[in-house]
Amino acid sequence: MPKLRIFGGIVLLVCSSAGCGLAAASPERHNVLPADPTRIEYVDPATVAGLAPKVLTTGDSAVRHAYIGYPELSDAPHLNDELREQARRQLADFRESSRNTADAELNVDWQLAAVGDVVGVRLRTGEFRGADWGNSSQTFWYDRRSGRATDSTGLLSGQDALREVARLVKTSLKVRGPEIDRQQVKPDPDRFDSMAFNGTGDLVVEFDDCQLGPCSLGRLAVAVPAVQAEPLLSETGRRAQESVRLAAQRVSVKRPPAVPRPGPPASSTGTGTVNCGQVKCVALTFDDGPGPYTAELLDTLRRHGARATFFPVGSSAAARPELLRRMSAEGHLVGNHGWAHRDLSTLPSSQIAHSLESTEDVVSAAIGQTPTLVRPPYGAVSLDVRNVARERGASLVGWDVDTQDQRDPEAAAIAGRAVEQAHPGAIVLMHDVHRATVDAIPDMVERLRGKGYTFVTVPELYGTKMRAGRLYTSGIKPVRKEPLT
C-alpha cells in the first residue's frame, strides 16, 4: 500500500462502451449511487457466527491518536494471523513516520466483502497529518477450503492475469482524460491491493487517494465486467465471485430493511434509584467496544452490582448488537463514540453528523432507544463537534479520572489509579477492549465500594439533567468555557 496523501473531492467516473464502471470509493459506510457498478454489498457482521471485533491501539504517549480495528473469525486462524500482523505493521510504520508530527492520526476500519467458502475483509485506512484526511484500502481474502489467506492478487490466476486486469483498467481510464495518469496502473500487487466483487460478479478494483491523479479526484474504483474477469480468476477467486453473487440474489428477494425509527432517549433502568446529592457517586465509563472481553465485563459488573456507561464504536456495535441489548437490559447506559473512532474535531460538520448518526442508528436498532451522550474519540472537541451534538440533542462526555489502561497492561495499576483519583462525581475513563481492564474491575469496584461509593451512569451524577452541546468532564459541574454556537 503506497504512502497516503491528502485528498480533495469525490468524483464519479463513467466508463465507455467497454463496460467498465469507475467511481469514488465509499465513505465511512458505503453510501454510493445504487447504479454504481463499483458498489460492494458488504456483509452484515452481526449475521456472521464466531466473529469478534478486535482493536489495536498504542500506549505510546508520543502517538496518542491511533486506532486499528479488524475482525477475528473463530474458524479462520490464518486470516486472523494475517490481519493481526497487518495491524501491527501499520501501527509500527505510523509510529515511525509520525514521530515528529504532534497532531497525526491513524485510523483503520473494516468491512466484510464476502462471507462463505471464501471470506473477504476490506480494511479502510485513514491518515491525518494536520491538514486533511487521506484514505486507502486493502482487501484480504481467506479460502476456507484450503485454509489459505492471501492478498487481493490471490483472486487472480497469476501474474499474466494481473497484467491483463491492469490492461483492462488502463483502457477503461482513457475516457477520463489527461488528469488520470494511466502509467501508474501497473501490474503490481501494491497497485492492486484492494479487489472485490459487486453483486453481479464484476471485479471491483479500488485505488487509493492521489494514486492515479490529482488528489481532487478522490479515490477511484473500476469495475471489470464479470465476462472479462472470469477467465482471469483463480479457483479462490471464482468461488469468491460465486459467493458474492449468491449473497446478492438472497438479498434481492428480501424486503428492504426498515429504517430505524428514533426511539426515546436512552436511559438506565436504574435511573431514579440513587440520589447523588446525598450519597457518594462515581461513574465508570468504557470506550471502544464491544470487544472480545465485553461479555465478561458485563458478567463482572452484574456480579458486583455495579452499573456503568458504555460508549461503543459504531462499526463494532454493528457486529455485536446483542451485547448492546444486554448492556441496556442490565441497567447500564449506552452512548455514542462515533462510527470509526476518528477524531471528530478534524472532520467537517457533515462528516461529524454522519459518524454520530450512523452509530445512533445501530444503537437504536439494538436497544430501541436513542443515545443522547457522545464521547468524542480522544476527548477531542471542536466548535463544530459541539454544534453538531447540540443539533442532535446530545451532551458531550469527557472524564476527570484516567486509568491509563491504554498504556498500562497491569490490572492492579489500573484499579489503583481509579481508586486513588476517585472523588464524588468522578467520571472514570476505561476501555472494554483490553484484557487488563476487565481483570481490574473486581478489585476496583470492591475498593471503591469500601470507601462508600455507589456506581451510577453519567446522567445520574447531574440528577439526569444534562444540556445538549455541553461538555461534561466531572459530576461536579459541566465545562462552560465553550460557546454553544
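Me: Where is Tyr378 found?
Reply: Tyr378 sits in the loop between strand 15 (373-374) and helix 9 (383-391). Helices (H or I, at least four residues) and strands (E, at least two) are DSSP runs, numbered from the N terminus. This is a predicted model, where local features need pLDDT of at least 70, side-chain atom pairs count only at pLDDT 80 or more, and totals for chains, interfaces and linings use all residues. Residues are numbered from 1 along each chain as its sequence is written, and side-chain values use heavy atoms, with hydrogens and water left out.

Me: Which value does phi of Tyr378 take?
Reply: Most residues other than glycine have a negative phi, and most peptide bonds are trans. Tyr378 has a positive phi, near 65 degrees. Phi of Cys210 is also positive, near 70 degrees. Cys210 lies in the loop between strand 10 (203-206) and strand 11 (220-224).

Me: Is Cys210 buried or exposed?
Reply: Buried means under 20% relative accessible area, exposed over 50%, partly exposed in between (1.4 Å probe, protein chains only). Cys210 has 4% relative accessibility, so Cys210 counts as buried. Tyr378 is at 19%, so Tyr378 counts as buried too. Over the protein, buried residues make up 57% of the 485 residues.

Me: Which peptide bond is cis?
Reply: The bond from Gly289 to Pro290, with omega near -5 degrees. Pro290 is in the loop between strand 12 and helix 5.

Me: Which residues of the largest nonpolar core touch the most other members?
Reply: In soluble globular proteins, nonpolar side chains tend to be buried together. A nonpolar core is a set of buried Ala, Val, Leu, Ile, Met, Phe, Trp, Tyr and Cys residues joined through side-chain atoms within 4.5 Å. Here the largest has 40 residues, and Leu284, Phe286, Leu301, Phe310, Ile441 and Met444 touch the most other members. Helix 11 (residues 435-450) gives the largest share, 7 residues. A second, separate core of 36 residues includes Ala114, Val118, Leu156 and Ala240.

Me: What is Met444 in contact with?
Reply: Contact means heavy atoms within 4.5 Å. Neighbours within four places in sequence aside, Met444 contacts Leu284, Ile414, Ala415, Ala418, Val419 and Met430. Met444 is one of the buried residues of helix 11. Those buried residues pack against strand 12 (280-287), helix 5 (294-304), helix 10 (411-421), strand 18 (426-431) and strand 19 (453-455).

Me: Where does the kink in helix 11 lie?
Reply: At Ile441, shortly before the proline Pro442, and the kink is about 35 degrees. The bend at a residue is the angle between axes fitted to the seven residues ending there and the seven starting there. Just after helix 11, Gly452 takes a positive phi of about 95 degrees.

Me: At what angle do helix 5 and helix 11 pack?
Reply: Two packed helices are described by the angle between their axes and the distance between the axes. For helix 5 and helix 11, the angle is about 10 degrees and the axes are 10 Å apart. Axes are lines fitted to C-alpha atoms, for helices over the stretch in contact, and angles run from 0 to 180 degrees between N-to-C directions. Angles under 35 degrees count as roughly parallel, over 145 as roughly antiparallel, 65 to 115 as roughly perpendicular and the rest as oblique. Helix 5 and helix 11 are therefore roughly parallel to each other. Among the contact residues are Leu297 and Leu301 of helix 5, with Val438 and Ile441 of helix 11.
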